[in-house]
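Welcome! Please take a moment to look over the sequence and the model before reading on.

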Amino acid sequence: LVKLACAKANESLGRLTPDKSLLIQQAAREIAGGRLLDHFPVDVFQTGSGTSSNINANEVIANRASQLAGEPLGSHKPVHPNDDVNLGQSSNDVIPTALHVSTALILTLRLRPALVGLCNALGAKSRDFEDIVKIGRTHLMDATPITLGQVFSGYATQAAKALERNQRAVAALEELAIGGTAVGTGINGHPDFSARVCRILVEETGISFVEARNHFEAQAARDDAIEVAGHLATISASMAKIAGDIRLLASGPRSGLGELLLPATQPGSSIMPGKVNPVMCEMLVQVCLYVQGLSQTVIACGREGYFELNTSLPLIAHCLHESVHALANGVTRFTEACVHGLKADEARCQ
């Protein structure tokens, strides 16, 4: 999408012919749609600027453009990978831009719906359980009475706040580095290029991308990515709290608390056929531990900004995408296979 937007912007500025721009856009849109991915063999662990991946993208787009134009692969006709696909760009501004755009998209398209589903499911359980009185607990010890509905209203609010944090994470990524070229000065670029690319990306994604307030900060530092990692770590802590509480409230069922009855997602252990383990709760807790570890990696990567460029961009991208992917899948499965089927043992609560 970034390469597509750059081609359209360069065409509008008179720097790229319409026929070349159209070929680049067509090839780029195919890749954005999931095609040609076998032609991206470069590993996450590469040069810290992500230059290998930027050149990989330039070459795949240019070669696909050659195919579309009926020219042989490798001919660089009619589109040149560097002079045309990478026109007005450097890996040093393209990769941070792709990092922000892709992470904002996956937060919006994957994690947000998962959190909405959980929030709604917990809210429904709160209403279902509103008349069931149970004992409250502080310090793991009996406290004053509370309703099970009130307990679940707290979980629902945690999920609602997670949604808000997810949106703040998207907002943290809205400034884009594109236009800074090599070191943030915009050398060899057009002064209107960045603003035009951002406008096109807004049209393509619906996310409010804007040109970075300061291109030197946008390329030298990755503080925005660290902020996102912090939000993901916080969401993980919230999800782990909910899953952990449900696991404990369902413990037993005879010798534990047993106030909740879990759906039998995986009935029977390998040796105890009558047992129903809290597998979905444990799955989500493990996801949350994993995401918090990935978040710590992003924080460490944020320190790898020496002078005018952060040099751990591919690893930051990997960790943020892996975090969102794991959380979105984990929360969705937890909602579907655990929360929806939860029941209360009213007699036990009483």
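This report walks through the pockets, the helix packing, an aromatic pair and a few backbone details. Please keep in mind that the model is predicted.

Let us begin with the open spaces.

| Pocket | Volume | Lining residues by kind | Source |
|---|---|---|---|
| Largest pocket | about 1300 Å³ | 22 nonpolar, 10 polar and four charged | computed from the model |
| Second largest pocket | about 420 Å³ | nine nonpolar, five polar and four charged | computed from the model |

Helix H1 (2-12), helix H2 (18-32), helix H3 (51-68), helix H5 (91-128), helix H7 (193-205) and helix H11 (313-339) each contribute at least two residues to the lining of the largest pocket. The biggest share comes from H5, which gives 10 residues.

The second largest pocket has a volume of about 420 Å³. It is lined by 18 residues, and closest to its centre are Arg137, Tyr155, Lys241, Asp245 and Leu249. Here strands join in: strand S1 (133-138), strand S2 (141-147), helix H6 (148-172) and helix H9 (223-249) each provide at least two residues of the lining of the second largest pocket. S1 gives the most, with five residues.

**How helix H5 packs**

Two packed helices are described by the angle between their axes and the distance between the axes. How do H5 and H6 compare in direction, parallel or antiparallel? Their axes lie 9 Å apart, and the helices pack at an angle of about 165 degrees. Because that angle is over 145 degrees, H5 is roughly antiparallel to H6. The crossing of H5 and H6 is left-handed. In the contact of H5 with H6, the residues divide into 18 nonpolar, seven polar and two charged.

H9 is another helix to view beside H5. The axes of H5 and H9 come within 13 Å and cross at roughly 20 degrees. These two helices are therefore roughly parallel to each other. The crossing of H5 and H9 is left-handed.

**An aromatic pair**

A pair of aromatic rings is described by the distance of the centres and the angle of the planes. The count of aromatic pairs in this model comes to two. In the pair of Phe129 and Phe152, the ring centres are 5.3 Å apart and the planes stand at 75 degrees, so the pair is edge-to-face. Where in the chain do Phe129 and Phe152 lie? Phe129 is in the loop between H5 and S1, while Phe152 is in helix H6, so the pair links distant parts of the chain, 23 residues apart.

**Backbone details in the loops**

Finally, turn to the loops. In the loop between H3 and H4 lies His76, whose phi is near 60 degrees, a positive value in a residue other than glycine. Pro78 is also found in the loop between H3 and helix H4 (81-85). The peptide bond from Lys77 to Pro78 is cis, with omega near -5 degrees.

A cis bond also joins Gly252 to Pro253, where omega is near 5 degrees. You will find Pro253 in the loop between H9 and strand S5 (260-261).

Technical notes:
Residues numbered from 1 in each chain as written. Predicted model: local features only at pLDDT ≥ 70, side-chain atom pairs only at ≥ 80, totals over all residues. Heavy atoms only, no water. 1 Å grid on protein atoms, 1.4 Å probe; cavity = no way out; pocket = protein on both sides within 12 Å on 5 of 7 lines; lining within 4 Å. Points joined across faces, edges and corners; volume = space filled by probe spheres on them. Helix = DSSP H or I, 4+ residues; strand = E, 2+ residues; numbered from the N terminus. Nonpolar A, V, L, I, M, F, W, Y, C, P; charged D, E, K, R; others polar. Axes fitted to C-alpha atoms, helices over the stretch in contact; angles between N-to-C directions. Parallel < 35°, antiparallel > 145°, perpendicular 65-115°, else oblique. Left-handed = near helix turned anticlockwise from the far one by under 90°. Phe/Tyr/Trp six-rings, centres within 6.5 Å; stacked < 30°, edge-to-face > 60°.
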